[in-house]
Amino acid sequence: MEVRIGDGSGNEQYRTCASCGADCEPDPFDAGEGDGVRIAFVCPNCGLHSVIDPFGHLR
């Protein structure tokens with residue numbers, strides 16, 4: 001599954017680990033309780049980096 005998220009500016013800092021600089025892998029999951037889906041970005045070296053709501057800008 002390919003996940004593309006961004007504002008069109010090419011800034012993908014949300015998926016670069018601040019600790020080691022590795023590219024974090026997207027891991028979509030159900031947020032539960034009717035809150036929709038979230039995407040966790042997981043660093044292969046350090047673990048969880050960030051969680052985003054890909055549809056948050058539509059609310």
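Two strands count as paired if DSSP finds at least two bridges between them. Keep that in mind for these exercises, which use a predicted model.

**Exercise 1.** Work out which secondary-structure elements the protein chain has and in what pattern they follow each other.

*Solution.* Start with the count: the protein chain has three strands and zero helices. Then read along the sequence, and you get β-β-β.

**Exercise 2.** Find out how strand S1 (residues 25-30) is joined to S2.

*Solution.* Step one, the direction: S1 and S2 run antiparallel, with six bridges joining them. At least two bridges are needed for a pair, so S1 and S2 pass that test with their six. Step two, pick a spot to look at: Val37 in S2 has Asp30 standing opposite. Step three, check the turn: six residues lie between the strands of this hairpin, and Gly32 there takes a positive phi near 80°.

**Exercise 3.** Explain why strand S2 (residues 37-43) is largely enclosed by the rest of the structure.

*Solution.* First set the cut-off: buried means under 20% relative accessible area. Next, go through S2: five of its seven residues are buried, so the strand is largely enclosed by the rest of the structure. For the background figure, buried residues make up 22% of the 59 residues in the protein chain.

Conventions:
Residues numbered from 1 in each chain as written. Predicted model: local features only at pLDDT ≥ 70, side-chain atom pairs only at ≥ 80, totals over all residues. Heavy atoms only, no water. Helix = DSSP H or I, 4+ residues; strand = E, 2+ residues; numbered from the N terminus. Buried < 20%, exposed > 50% of the residue type's maximum accessible area, 1.4 Å probe, protein only.
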